[in-house]
Amino acid sequence: MSFGDLVAQASEIPAGSDGLLFLPYLSGERSPHPDPLARGAFVGLTLGHDRRHMTRAVLEGVAFGLRDGLDLMVAAGMAAPARIRASGGGTVSSLWRQILADVLDAEIAIVNTSEGAAYGAGLLAAVGAGWFPTVGDATSALVTATPVAAPGPDAAAYAEAHSVYRDLYPALAPSFHRM
């Protein structure tokens, strides 16, 4: 199935995936748990869940992982952002953008390129070559951000689901290390 078809089906499922959670540690984890032995897992799977639930749980689990990283930055003294710029193929999905806005508690704005890292490297090169005096100047001239999602009514459900999600790594880490 295409990404678009999977996400379209996942949009039929309510926020929180009817109690199904996904830990996205498919190649270990770096933050907030520096553990190369961490593993991905579906938790809460029942006979009532299907592919739609699993797809939505994957989207939500990735968003929860991003939230964990954001929480670390805020705890280190960074101000919580009111707007987050997003890029990449997944940002074509309105469901994905809304999940991000709800979980990250910030407006999501998409930028005028789907190649965020490469575009950013190009901006840095333009500054290094002297085409712009600062990164801020280059960004102001070449990056357009369009707001597409703001935190909505599902934010509270996601806050609760994230609380449960955060409890899962410490509970499962001993098993990961025995595998």
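Ala, Val, Leu, Ile, Met, Phe, Trp, Tyr, Cys and Pro are counted here as nonpolar, Asp, Glu, Lys and Arg as charged, and the others, Gly among them, as polar. The model is a predicted one, in which local features need pLDDT of at least 70 and side-chain atom pairs count only at pLDDT 80 or more, while totals for chains, interfaces and linings use all residues. Residues are numbered from 1 along each chain as its sequence is written, and side-chain values use heavy atoms, with hydrogens and water left out.

The secondary structure of the protein chain comes to 6 helices and 5 strands, where helices (H or I, at least four residues) and strands (E, at least two) are DSSP runs numbered from the N terminus. In order from the N terminus, the elements run α-β-β-α-β-α-β-α-α-β-α. Along the principal axes, the C-alpha atoms fill a box of roughly 60 × 35 × 30 Å. Of the 179 residues, 36% count as buried; buried means under 20% relative accessible area, exposed over 50%, and partly exposed in between, with a 1.4 Å probe and protein chains only. Among contacts in the protein chain with a separation of 6 or more, 75% are between residues 24 or more positions apart, a contact being heavy atoms within 4.5 Å.

The second largest pocket has a volume of about 230 Å³. Grid points are joined across faces, edges and corners, and a volume is the space filled by probe spheres set on the points. The lining of the second largest pocket consists of Pro24, Tyr25, Leu26, Ser27, Gly28, Glu29, Arg30, Ser31, Val62, Gly65, Leu66 and Gly69. These residues divide into 5 nonpolar, 5 polar and 2 charged.

The largest pocket has a volume of about 280 Å³. It is lined by 14 residues, of which Leu66, Ile84, Arg85, Leu100 and Leu104 are the closest to its centre. The lining of the largest pocket divides into 12 nonpolar, 1 polar and 1 charged. Helix α2 (51-75), strand β3 (83-86) and helix α3 (94-104) each supply at least two residues of this lining, and the largest share, 5 residues, comes from α2.

A search of the whole structure finds 5 aromatic pairs. Rings of Phe, Tyr and Trp (its six-membered ring) pair if their centres lie within 6.5 Å; planes under 30 degrees apart count as stacked, over 60 as edge-to-face and the rest as tilted. One of the pairs, Phe22 with Phe42, is tilted, at 4.7 Å centre to centre and 45° between the planes. Phe22 lies in strand β1 (residues 21-23) and Phe42 in strand β2 (residues 41-43), so this pair ties together parts that are 20 residues apart in sequence. Phe22 counts as buried at 8% relative accessibility, whereas Phe42 is partly exposed at 32%.

The rings of Tyr25 and Tyr169 have their centres 6.0 Å apart and their planes at 80°, so this pair is edge-to-face. The pair links distant parts of the chain, with Tyr25 in the loop between β1 and β2 and Tyr169 in helix α6 (residues 155-178), 144 residues apart. Tyr25 is buried, with a relative accessible area of 1%, and Tyr169 is buried with 11%. Tyr25, Tyr169 and Phe176 form one aromatic cluster. Tyr25 is also among the residues that line the second largest pocket.

Two further loop positions were examined. His49 is found in the loop between β2 and α2 and counts as buried at 12% relative accessibility. Not counting residues up to four places away in sequence, His49 touches Ser17, Asp18, Gly19, Leu20 and Gly44.

Asp105 is placed in the loop between α3 and β4 (107-111) and counts as exposed at 51% relative accessibility. With residues up to four places away in sequence left out, Asp105 touches Arg67, Pro81, Leu100 and Pro151. The C-alpha atoms of Asp105 and Ala156, 51 residues apart along the chain, are separated by 9.8 Å.

Notes. On a 1 Å grid over the protein atoms alone, a cavity is a set of points where a 1.4 Å probe fits but cannot get out, and a pocket is an open set with protein on both sides within 12 Å along at least five of seven lines; lining residues have an atom within 4 Å of a point.
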